[in-house]
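Biologist: I'd like to learn how to read a structure like this one. Can you walk me through it, feature by feature?

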Amino acid sequence: MENKRTDCEAINIDIVEKVRPNMPEMNLLYELSDFFKVMGDSTRIQLLWALEESEMCVGDLAVLLNMTKSAVSHQLKVLRVAKLVRAVKKGKNVYYSLNDHHVKLILEKALEHVCE
């Protein structure tokens with residue numbers, strides 16, 4: 001299979017041909033890239049870390065992170081669209097939590113990597 005976008009020939013074609021079938025579809029790689037863009041914001045990382053510890057409402061998150069409720073709400077919307085957090089209405093307040101255990105694992109593994 002010839003790639004018209006490259007300007008070179010493979011040095012180890014056997015390795016290229018071995019790896020090629022294991023590459024995810026491009027649309028999945030774009031989604032993964034978008035995921036890391038969302039995770040690449042320090043405010044959103046702080047929110048995720050706080051929510052790893054406890055379910056919290058916007059006001060409590062704003063106090064914890066010394067931010068406005070508006071700024072927190074905006075970032076939570078980004079995280080909700082990315083399916084990293086979920087919201088549950090309890091009375092007059094909306095409480096946020098991590099969407100699933102995978103989000104916690106990603107945060108923990110990333111921190112472990114940074115600390116090495």
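This is a predicted model: local features need pLDDT of at least 70, side-chain atom pairs count only at pLDDT 80 or more; totals for chains, interfaces and linings use all residues.

Biologist: How many bridges join strand 2 to strand 3?

Modeller: Six, with strand 3 covering residues 93-98. If you want one to look up, V85 has L98 in strand 3 as its bridge partner.

Biologist: On to salt bridges. How many are there?

Modeller: The rule asks for a side-chain nitrogen of Lys or Arg within 4 Å of a carboxyl oxygen of Asp or Glu. The count comes to five. One of them joins E55 and K90, with the closest N and O atoms 2.7 Å apart. That pair ties together distant parts of the chain: E55 is in the loop between helix 3 and strand 1, while K90 is in strand 2, 35 residues away. Both ends are partly exposed, E55 at 34% relative accessible area and K90 at 44%.

Biologist: And what separates D34 from K37 in helix 2?

Modeller: About one helical turn, because they are three residues apart in helix 2. D34 is partly exposed at 42%, whereas K37 counts as exposed at 56%. Another bridge pairs R20 with E17 at 3.2 Å between the closest N and O atoms. R20 is partly exposed at 32%, and so is E17 at 38%.

Biologist: Now a charged residue without a bridge. Which side chain of opposite charge is nearest to E52?

Modeller: K104, at 4.4 Å. The salt-bridge cut-off is 4 Å, so E52 has no salt bridge even though it is buried. E52 belongs to helix 3 (residues 42-53). Setting aside residues up to four places away in sequence, E52 touches L98, K104, L107 and E108.

Biologist: L107 is on that list. Is L107 buried or exposed?

Modeller: Buried, because its relative accessibility is 4% and buried means under 20%. L107 is in helix 6 (residues 101-115). Apart from its neighbours within four places in sequence, L107 contacts M39, I45, L48, W49 and E52. For a sense of scale, the C-alpha atoms of L107 and R20 are separated by 29 Å, and the two residues are 87 apart along the chain.

Biologist: What about the surface? Which residues make a nonpolar patch there?

Modeller: I15, V19 and M23 make one of about 280 Å². M23 is in the loop between helix 1 (13-19) and helix 2 (26-39).

Biologist: One last item, backbone angles. Where does N66, with its positive phi, lie?

Modeller: N66 is in the loop between helix 4 (58-65) and helix 5 (69-81). Its phi is near 55 degrees, positive in a residue other than glycine, and N66 is exposed at 72%. K83 also has a positive phi, about 65 degrees, without being a glycine. K83 lies in the loop between helix 5 and strand 2, and it counts as exposed at 62%.

Terms used
Residues are numbered from 1 along each chain as its sequence is written. Side-chain values use heavy atoms; hydrogens and water are left out. Patches are made of residues with over 30% relative accessible area and no salt bridge: like charges are joined within 9 Å, nonpolar side chains (Val, Leu, Ile, Met, Phe, Trp, Tyr) within 5 Å. Accessible areas come from the Shrake-Rupley method with a 1.4 Å probe; for residues, only the protein chains shown count as cover. Helices (H or I, at least four residues) and strands (E, at least two) are DSSP runs, numbered from the N terminus. Buried means under 20% relative accessible area, exposed over 50%, partly exposed in between (1.4 Å probe, protein chains only). Lys and Arg count as positive and Asp and Glu as negative; His and the chain ends are not counted. Contact means heavy atoms within 4.5 Å. Two strands pair if DSSP finds at least two bridges between them.
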